[in-house]
Amino acid sequence: MSIFDRVFLGIDDVGASVSIPLIYRNLLIGGEPGGGKSSLLNLIVAHAALSVDCRLCLFDGKQVELGQWESCADVFVGPDIKFGIATLLRLQIVMDNRYRYLRWRLRRKIRRNDKFAPILIAIDELAYYTATVGDKKLREDFAALVRDLVARGRAVGIIVVAATQRPSSDIIPTSLRDLFAYRAAFRCTTDSSSDIILANGWANRGWSATAIPPTSRGTNLLIAEGGVPFLMRTAWLDDDTCGRIATYAAGRRAEAREQRLTTPDQPKKRPLDVVAA
């Protein structure tokens, strides 16, 4: 598998397969607790973990939603917002250095055969880092760094997938929401919350996540840039399946790393393209 391949998400309301190209794009996931946001996030992380051409940076304040993938990740950030900010700052350096490389090569985006791999940044509960933990200055710094990576990171292979159970304007301002190419709205309690994720006005046109039944876990409205929302249901991976995939993926990544280290004439990885300190 490759992160340059389409990522399978689930099925639509007529049973057809739904998959999206995630490279050069970002995804915002929102909705009330228990709606299935973490299922979609874990599904995407599973694809990225199985793609040895993709590196993982995971942010999880609860440490258990994405915890099974820690062995596959370059960096795993728990409830420590200062460590989270330090990681985002290093990702920002990686991003800037990759743009210098593209400028030198007279190109606008990375390619599948480039020496550096795309990076998936998965954030479970964005509101924890931007509205709950730490003081106001730290939360604002975290939010500003995430916004910069979402705004500028796509062309150099930095993919941000962020989930929140608090779809409100203070957590997801319009200026941030509109930077996400894909947005998935799971069940919401109000039309305004649904519109915070999808965009202003969709609820009045009949596309509101409030219409999703509370018992229909995993069902969401997915929209792409310039498109119209459509109903889909996320594929489900239980804990045992996630654990088996993570163990297999970690083994494949170790083999690939060993192969890179033992293959002669391999160029050394540039220090500033390393996410972990």
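**The nonpolar core**

Author: Happy to! The largest nonpolar core has 82 residues, and Trp69, Leu120 and Ile121 have the most contacts inside it. A nonpolar core is a set of buried Ala, Val, Leu, Ile, Met, Phe, Trp, Tyr and Cys residues joined through side-chain atoms within 4.5 Å. Buried means under 20% relative accessible area, exposed is over 50%, and partly exposed is in between, using a 1.4 Å probe and protein chains only. This is a predicted model, where local features need pLDDT of at least 70 and side-chain atom pairs count only at pLDDT 80 or more, while totals for chains, interfaces and linings use all residues. Residues are numbered from 1 along each chain as its sequence is written, and side-chain values use heavy atoms, leaving out hydrogens and water.

Reader: Which helix gives the largest share of this core?

Author: Helix H1, residues 37–50, with 9 residues. Helices (H or I, at least four residues) and strands (E, at least two) are DSSP runs, numbered from the N terminus.

Reader: And what does Ile121 touch?

Author: Leaving out residues up to four places away in sequence, Ile121 touches Cys57, Phe59, Leu91, Leu149, Ile158, Ile159, Val160 and Val161. Contact here means heavy atoms within 4.5 Å. There is also a second, separate core of 10 residues, with Ala185, Cys188, Ala199 and Ala209 among them.

Reader: New topic: how many aromatic pairs are there?

Author: A search of the whole structure finds 7. Rings of Phe, Tyr and Trp (its six-membered ring) pair if their centres lie within 6.5 Å; planes under 30 degrees apart are stacked, over 60 edge-to-face, and the rest tilted. Phe4 and Tyr24 are edge-to-face, because their planes are at 75°, with ring centres 6.5 Å apart.

Reader: Where do Phe4 and Tyr24 lie?

Author: Phe4 lies in the segment before strand S1 (6–12), and Tyr24 in the loop between strand S2 (17–21) and strand S3 (27–30), so the pair ties together parts that are 20 residues apart in sequence. Phe4 counts as buried, at 15% relative accessibility. Tyr24 also has Lys109 over its face, 4.2 Å from the ring centre. A charge sits over a ring if NZ of Lys or CZ of Arg is within 6 Å of the ring centre and within 35 degrees of the ring normal.

Reader: Which residue lies over the face of Trp202?

Author: Arg205, at 4.0 Å from the ring centre. And ring pairs link Phe59, Tyr128, Tyr129 and Phe142 into a cluster.

Reader: OK, cysteines now. How many disulfides does the search find?

Author: The search of the whole structure finds 0. A disulfide is a pair of cysteine sulfur atoms within 2.5 Å. For Cys57, the nearest cysteine sulfur is that of Cys54, 9.2 Å away. Cys57 counts as buried, at 1% relative accessibility.

Reader: Last one: why is helix H6 called largely enclosed?

Author: Because 6 of the 8 residues of H6 (residues 191–198) are buried, the rest of the structure largely encloses this helix. The buried ones are Ser193, Ser194, Asp195, Ile196, Ile197 and Leu198. They pack against S3, helix H5 (174–177), strand S8 (182–186) and strand S9 (219–224).

Reader: What follows H6?

Author: Ala199 does, with a positive phi near 145°.
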